[in-house]
Amino acid sequence: MLIPSRKLREIRLGINSLLQHKLRSFLTMLGMVFGVGSVIAMLAVGEGASKEALDQPLEEESQQTTRTFMSIYGLLYEDELRIAQSFPQVLRTVPVKILRKVGRLGEHTMDLRLLGTTPGWFQLVRRPLIAGRALLPADLKNLANTVVLTEYGARRLLARENSIGQQLTLGGESFQVVGIVRSETGQGEGLQSPDQQIDAYIPLTTARARFGDIAVQFSAGSRSRELIELHQIIAEVDSTSQVTATASGIEVMLRRFHKKKDYSISVPLALLRQAEATKRTFNVVLGSIAGISLLVGGIGIMNIMLASVTERTREIGIRRAIGAKRRQIIRQFLIETMVLSTTGGLIGIAIGLLIPWLITLVAGMPTVVTSLSLLLSLGISLAVGIIFGLYPAVRAAKLDPIEALRHE
Amino acid sequence: MAEPAVQEKQASSHEAVLEKISRFYRMGGNEVRALDEVSVSFARGSFWAILGASGSGKSTLLNLLGCLDRPSAGRYLLRGADVSQMDDDQLSEIRLRSIGFIFQSFNLLPQSTVAENIALPLYYQGWDPARSSQRARELATRVGLQERLDHRPMELSGGQQQRVAIARALANDPAILLADEPTGNLDSATSREIMQLLSELNEQGKTIIMVTHEEDIAAFASRRLYLKDGRIDRIEP
């Protein structure tokens, strides 16, 4: 009980002494406040920018980073269900069935490539709508005869915006044109997007009901018939780091249900590597910036501490003359620095939280404050403050008390 | 530490005994003899003035007596204990328990109150706050500053500041009060008040050793030691 109360008293005396030198304490703390604050803010901005950079492909080039692809032939409707249910990290699965049908719109008749899929497709690849609407869950549920043209298909069929609502005959069935979407631009290379040169999308259920699962292929003059349920299943995984593991998990699962290896899995590895490289670059840049600002902050703290000790040399001399031991002087300074560093660090955290918030508010930039950055900057600044605060104190305590007393 | 115990009896009537104390400094290549084999005994309850021209070794002698410095040669017995070979921590402890300093420029902590200044030695002695502030009040009353406990030194006159310093020097109930030109920064009326206060303390039994260069201030002391070039010139009476 004796020791804690004495410690408390020392801390109280330290606070008193700091309050007695308000300007100096304020200046010392300022270095700490902005050291901690700027590191947290900088890391938050960097983290936000890095996250945005990694998220960007998701929006614009859609399936680049977090998708695995599995193709082709021999996939079953069940496979999609299994994948969706067995892997919690799979956010979405999109089944794809490719058909060739003769289509007629008004007077134009054309051989068309159709893609039977679900509304998830449009969320996954984010094809912007030109007119009308995309496929809806209701279309699938009702086996509706609805068709969404691609820009490419619309051009071939000479369809315009006013074509929406018209009837498109596909393989003898009459479908209503409900929308036109922009085509695959080709910029998302390496992701084997299966809708290049696709003319239209129809609901998967409708495709199955109207046209069945038997595909007829003409090659070298002969006809072959093949049962194909799905041509492709696209699985979206929740984070880049999970992709490879998920792909091998799916592979294991498929192997169990398919006696013959009539499928293949493709992972956009190059894109994954690129994402990782981007992240690494960000980490290096941010780390350097944070390190430099902490160093600058530390030098600032040391400066003001040295100045403060010089200013207080006489005080140290007085205390020594009265009977304070060297270690008591060091202790006094250490406690003061610790109180100062802790207070400054806490204010710094507040500022470090405020600045990113303001940046997001004013500049609309995304910022992410991680608890690691809070701990790191506070910890390092405390260490820097104590080390740089202790050094001048040790130096001061070693002074000859006679010299210290003479100091003006 | 068996030796000091023996000497305690021999030196019982003396607060401080210097035996052939020398203090040399190295300045550049030269050796400066600030004190050269000074031997003197300061009796318990005596009031000494140390006089001499500047550079005669007065301050060096006072610093040695106050355990702020260690002699290059010779022995210093303080209340029978040989302090001449003690390390820094031990000297700090001696200063804390047995020495009271009064300086020419008062040397108060400017940001602390009168009460805090007076109680400073008690803090290092580990007194609890309630007791030490009680003691600070008593000491302030003794030097006539009971109304000024919460003032800062800058709000006080020079004479009042020196009274605070005297109260602080008394806080640890020291064996010796050492005063280094205690009136050097004061006008003559205030100087007289301070000297009267010191005389009273001496009458109450405190041993006082005071450095001064003014004869009329030295006249308050019962004995005067004149230094010249680091040696004792003469002692009066």
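In the predicted model, Ile102(B) lies in strand E6 (residues 99–102) of chain B; helices (H or I, at least four residues) and strands (E, at least two) are DSSP runs numbered from the N terminus. Ile102(B) counts as buried because it has 23 C-beta neighbours inside 10 Å, where buried denotes 20 or more other C-beta atoms within 10 Å of a residue's own, exposed 12 or fewer, and partly exposed in between, with C-beta atoms placed from the backbone. Apart from neighbours within four places in sequence, Ile102(B) is in contact with residues including Ala165(B), Ile166(B), Leu178(B) and Pro182(B); contact requires C-beta atoms, placed from the backbone, to lie within 7 Å. The C-alpha atom of Ile102(B) is 8.3 Å from that of Glu181(B), 79 residues away along the chain.

Residues are numbered from 1 along each chain as its sequence is written, and chains are lettered from A and ligands numbered from 1 in the order in which they are written. Because the model is predicted, local features need pLDDT of at least 70 and side-chain atom pairs count only at pLDDT 80 or more, whereas totals for chains, interfaces and linings use all residues.

In chain B, four strands form an open antiparallel sheet in the order E2-E1-E4-E5, two strands being paired if DSSP finds at least two bridges between them. Strands E2 (30–43) and E5 (81–82) of chain B each have a single partner strand, so one side of each lacks a neighbour in the sheet. Strand E4 (residues 73–78) of chain B is joined to E5(B) by two bridges, and Leu77(B) stands opposite Asp82(B).

Key. Contact = placed C-beta atoms within 7 Å.
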